[in-house]
Amino acid sequence: MTMIPVCSLLLLCLSVFSLTSHATTTGSPKSQAICSGHRVSIPSSSVVWLPLNHRQGPCSPFPSSESETTPSTADVLLHGRARADTIRRLLNATAAFVDGAGDAIITVPTKLGTSLGSYEYVVTVGLGTPAITQTMTIDTGSDISWVQCRPCPVPSPCHLQKDKLFDPSRSATYSAFSCSSGECLGELGRAVFNGCSPGSSLCQYIVDYGDGSNSTGTFGSDKLTLTPAFAIDGFRFGCSHGDQLFNDRTSGLMALGGGSPSLATQAAAAKDAFSYCLPPTASHSGFLTLGVPRVASSRFVVTPMRRIRNIKTYYGVLMEGITVAGRRLDVPPAVFAAGAVVDSGTVITQLPVTAYRALRTAFAEEMERRKYRRVAPTNGFDMCFDLTAGEVELPSVALVFDRGATLELDTSGIVFDGCLAFYSNGDDASVGIIGNQQQRTFEVLYDVGGRAIGFRRGAC
C-alpha cells in the first residue's frame, strides 16, 4: 500500500544568486501553494549545490502571477506526447539498442516549472561577463543549449521570459563562431547548421523539436557560471533570435544529451557521470549534479546503459517487466525488446501496448478492490478515478529493468490528476519513453563512463 505524501514544512527556496521565498502564490486555486524547499540535507562544502525546480511551481524563481500565458494541462501533455512520438520515429528508423561498455563535483538545484507554464524542470545559471541570470529547462534529449538573445522582439518571433534578455554585445567574454570555424563545422551537423549570416558569415543554427517548436540564431560561446565558485569558460551555446511555439517564461534550454556540444559533454566533471533528482511536487526542490563519485554510485540500483549506434543524444535502458501491488505482470520479455529512452523532457512514460494493457487491467482491479469509482477519462488518459474523498491508498507500481534493477514509483509517478499516469505506444515494436513523472523523487544517475543508469529512491 502506498500513501500519497502531504507537504507541510515551509523552507526557503534557494536560487543561484539570491535567496527568495514565495510563501504564497496568486492566480487560480491550483496555483496556490507554498514552497517547501528541498527534502534532503545540503551536501558538504566539497560539493557545489544548486536547486532544480518545476518551472511552474512556488519554488520556481518566477512567481505564478507573472505567468500570463500559462498553458493548460492538456496542452502540456499534448506537447509531451508529440515529443515522445518524434523520439520514437527517429529511433525506429535507426539501428537497434546496443550495450555500452574529472575530480570536481558540481551540484545545481532543480525546480519543477509549473509557475512558468510547464511540467518540466529548470535550473538557474549565470551567463556572460558580468553574469546575467538565466533560468533554463533541463533536457536529456537535446544536445544544443540556447538562450534568447538581443535582438529578440516579443511576442514574435521570441517569447516573453521572466529573466532579463541576454545581450551578447554587453558581455566581455562572448564570441560568435564563424562559418569556417571547427566548432560550427564539427559540432552542429547537417540537421542543425542553418547557413551563414549575410555579410558577417557568422555560424547560424536551427533546432527543431517534436511538437513543432524551434529555436534559431547564432552559435557562439561565453562564460557559464553554474555556482559562484564554479564556471565554464567558452561554453558553446545558441544565441536565439527567434523561436516558435514556446509559451513559457524560461530563458531557454540546457542540453544534457549524450552528444556534443551539450553541457554533459562540455563540463569536464560530467563526462564520466552526472545525475539529477526531480522533486515530486512544485513545492520542493531537487538537484542537478555534474560528476558523481564512484563511491556514491554504490547507493544506486543500476542497469546497463544502452545507446543507439548512430545517435549519441539519447540514454537508453531495457525494461524486463512491471509489478502492481507486488505482483509481476504476465508480459513476455520480447514486448520490451525495442528498449526505452530515459528522458527528462517527456512528462508521461509511454509503454509498449501489450505492457500498457496489462498494467491498466491490473491497476483497475486493485483500484476497484479499494472501492474507487471510475470517472470519465481526461488529458489523453483512458483510466481515471475519483480520488477526492479523503486519504488516497494506491497500489504500488514498479518498473523492472535489465539485471533486476527495480524502480518502485513514488505516488506522484503513479497517478496524474486522478488518472493512471501512463500512455501506450500504440504497438510493441517502438522504443518506449521513461518520462519525468515516473522519475520523481529518484536520483537518476547517468554513469556514462561505466555505461550504466542508476536509480536512488527518496533523494529529494
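**Entry 1: the largest cavity**

I looked up the largest cavity and found 15 lining residues, with Phe336, Gly339, Ala340, Pro352 and Gly432 nearest its centre. The model is predicted, so I note the limits: local features need pLDDT of at least 70, side-chain atom pairs count only at pLDDT 80 or more, and totals for chains, interfaces and linings use all residues. Numbering starts from 1 along each chain as its sequence is written, and side-chain values use heavy atoms, with hydrogens and water left out.

My term "cavity" means a set of points, on a 1 Å grid over the protein atoms alone, where a 1.4 Å probe fits but cannot get out; a lining residue has an atom within 4 Å of a point. I read its volume as about 60 Å³. That volume is the space filled by probe spheres set on the points, and grid points are joined across faces, edges and corners.

Which elements give two or more residues to the lining of the largest cavity? They are β27 (349–351) and β36 (432–434). β36 gives the most, with three residues. I take helices (H or I, at least four residues) and strands (E, at least two) as DSSP runs, numbered from the N terminus.

I then sorted the lining by class: 10 nonpolar, four polar and one charged. In this scheme Ala, Val, Leu, Ile, Met, Phe, Trp, Tyr, Cys and Pro are nonpolar, Asp, Glu, Lys and Arg are charged, and the others, Gly among them, are polar.

**Entry 2: an open sheet**

I traced six strands in an open sheet, in the order β7-β20-β18-β37-β38-β21, with antiparallel pairing. Two strands pair if DSSP finds at least two bridges between them. β7 (106–108) and β21 (301–304) are the edge strands; each has a single partner, so one side of each lacks a neighbour in the sheet. From one strand to the next the twist averages 15°. Such angles run from 0 to 180 degrees between N-to-C directions, with axes fitted as lines to C-alpha atoms.

I picked one pair to inspect. β18 (residues 274–277) and β37 (residues 443–447) run antiparallel, joined by four bridges. Cys277 faces Glu443 of β37.

**Entry 3: disulfides**

A disulfide is a covalent bond between the sulfur atoms of two cysteines. I counted a pair of cysteine sulfur atoms within 2.5 Å as one. The count by this rule is six. I logged three of them, with burial (buried under 20% relative accessible area, exposed over 50%, partly exposed in between; 1.4 Å probe, protein chains only).

- Cys152 is joined to Cys158, S to S 1.6 Å. The torsion about the S-S bond is about -85°, so this link is left-handed. Cys152 is buried at 7% relative accessibility, and Cys158 is buried at 0%.
- Cys184 and Cys203 have sulfur atoms 2.1 Å apart. Their S-S torsion is about 80°, so the disulfide is right-handed. Cys184 is in helix α2 (residues 182–187) and Cys203 in strand β14 (residues 203–208), so the pair ties parts 19 residues apart in sequence. Cys184 is buried at 2%, as is Cys203 at 0%.
- Cys384 is joined to Cys419, S to S 2.0 Å. This link is right-handed, with 100° about the S-S bond. Cys384 lies in β29 (residues 384–385) and Cys419 in β34 (residues 419–420), so parts 35 residues apart in sequence are tied together. Cys384 is buried at 2%, and Cys419 is buried at 1%.

Technical notes. 1 Å grid on protein atoms, 1.4 Å probe; cavity = no way out; pocket = protein on both sides within 12 Å on 5 of 7 lines; lining within 4 Å.
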